[in-house]
Amino acid sequence: MSKKKIISNEQRESVIVRTISRIMIPFIQLFGLYVIIHGETSPGGGFQGGVIMGTSIILLAIVFDLEEAERRISRKSLTALMSFGLLIYSGIGVLDMLSGGKYLEYTKLPLPLPAHEISTLSMLGVEIGIGITVMAVIILLFFYMVGDQNAT
Amino acid sequence: MIFELIKSVTFFELIALVLTVTAFICLYRVVFGPRVGNRIIAVNVIGTKTAVLLVLIGFIFDSLYFVDVALVYALFNFIMTIAVSKYIEMGRI
């Protein structure tokens with residue numbers, strides 16, 4: 001039903017832009033994941049990867065409709081994701097404090113692994129938390145700005 | 001000495017230099033463009049030139065990381081062009 005509404009929308013983008021965007025959006029998300037996961041060894045990291053992931057949804061909202069983007073990922077779930085990413089970040093920090101170290105001192109975690117592997121895994125977790133938070137905040141900012149602009 | 005300097009420039013450095021100079025020619029069209037379409041396309045061309053320039057810089061400095069930066073730059077250039085075009089066409093995003 002929602003698909004029919006999009007096709008009958010008279011103010012839609014041209015077929016070239018829609019097709020290219022539909023092809024590109026999965027690759028943008030894949031590239032964002034790559035930037036997040038290779039954050040320690042290459043330029044980029046959680047913040048940059050989160051911005052790239054958020055850009056894919058922003059492209060969806062620009063080329064299709066704002067309602068289409070909000071049907072894929074609603075404002076409620078974006079708020080939940082925002083808090084969830086922060087929870088991952090601070091949860092790893094608090095776990096380090098509970099296991100006897102300082103805040104975000106990774107090597108004190110009681111895992112049966114060498115110290116540098118624990119450090120790398122915790123850093124990956126922190127990067128993923130930052131990435132989720134930044135993605136949700138960027139998309140939510142765009143939704144609120146464009147939604148207010150279209151309402152007036 | 002100047003002759004030695006010119007002779008030491010490799011092919012890819014020359015291409016990077018030419019791309020930089022032509023990007024400034026496009027900047028003229030951005031500033032003095034008669035219509036808004038000229039400006040948008042000129043900015044788009046400058047962005048594409050910059051992406052190629054980043055890959056060339058990565059080749060010259062022998063570093064693969066510049067390819068990532070060039071990919072992100074091309075991607076944001078594409079999205080920026082679509083957003084600005086839609087805003088000018090419809091008055092909203």
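Predicted model: local features only at pLDDT ≥ 70, side-chain atom pairs only at ≥ 80, totals over all residues.

The crossing of α3(A) and α4(B) is left-handed.

Which residues bring α3(A) and α4(B) together? From α3(A) come I52(A), T55(A), L59(A), I62(A) and V63(A), and they meet V72(B), I79(B), I82(B), A83(B) and K86(B) of α4(B). Sorted by class, this contact of α3(A) with α4(B) has eight nonpolar residues, one polar and one charged.

Widening the view to the contact between the chains as a whole, chain A contributes 15 residues and chain B contributes 13 residues. On the side of chain B that touches chain A, 10 residues are nonpolar and three are charged, while no polar residues are found there.

Each of these two helices also has a partner within its own chain. In chain A, helix α2 (residues 15-37) and helix α3 (residues 46-63) have axes that come within 8 Å and cross at roughly 165 degrees, which means that α2(A) is roughly antiparallel to α3(A). The crossing of α2(A) and α3(A) is left-handed. On the α2(A) side the residues in contact include V17(A), I25(A), F31(A) and I36(A), and on the α3(A) side they include G46(A), M53(A), L60(A) and V63(A). This contact of α2(A) with α3(A) is made up of 12 nonpolar, eight polar and one charged residues.

In chain B, the corresponding step is to helix α3 (residues 36-60) and helix α4 (residues 65-90), whose axes come within 8 Å and cross at roughly 175 degrees, so that α3(B) is roughly antiparallel to α4(B). Among the residues of α3(B) that take part are V36(B), N44(B), A51(B) and G58(B), and among those of α4(B) are F66(B), Y73(B), N77(B) and I88(B). By class, the contact of α3(B) with α4(B) divides into 14 nonpolar and eight polar residues, with no charged ones.

Helix α3(B) can also be followed along its length, since its 25 residues reach 36 Å from the first C-alpha to the last, close to the 36 Å expected at 1.5 Å a residue. After α3(B) comes D62(B), a residue whose phi is positive, near 60 degrees.

For the complex, the predictor gives an ipTM of 0.79 and a pTM of 0.83. Chain B has a mean pLDDT of 90, with 100% of its residues reaching 70 or more, and among its elements α3(B) has the highest mean pLDDT, 93, whereas helix α1 (residues 2-7) of chain B has the lowest, 81. Chain A has a mean pLDDT of 86, and 91% of its residues reach 70 or more. Over residues 4-8 of chain A the pLDDT is below 50, and beyond near neighbours in sequence this stretch has three contacts in the model.

Notes. Residues numbered from 1 in each chain as written. Chains lettered and ligands numbered in written order. Contact = placed C-beta atoms within 7 Å. Nonpolar A, V, L, I, M, F, W, Y, C, P; charged D, E, K, R; others polar. Axes fitted to C-alpha atoms, helices over the stretch in contact; angles between N-to-C directions. Helix = DSSP H or I, 4+ residues; strand = E, 2+ residues; numbered from the N terminus. Parallel < 35°, antiparallel > 145°, perpendicular 65-115°, else oblique. Left-handed = near helix turned anticlockwise from the far one by under 90°. pLDDT = per-residue confidence, 0-100.
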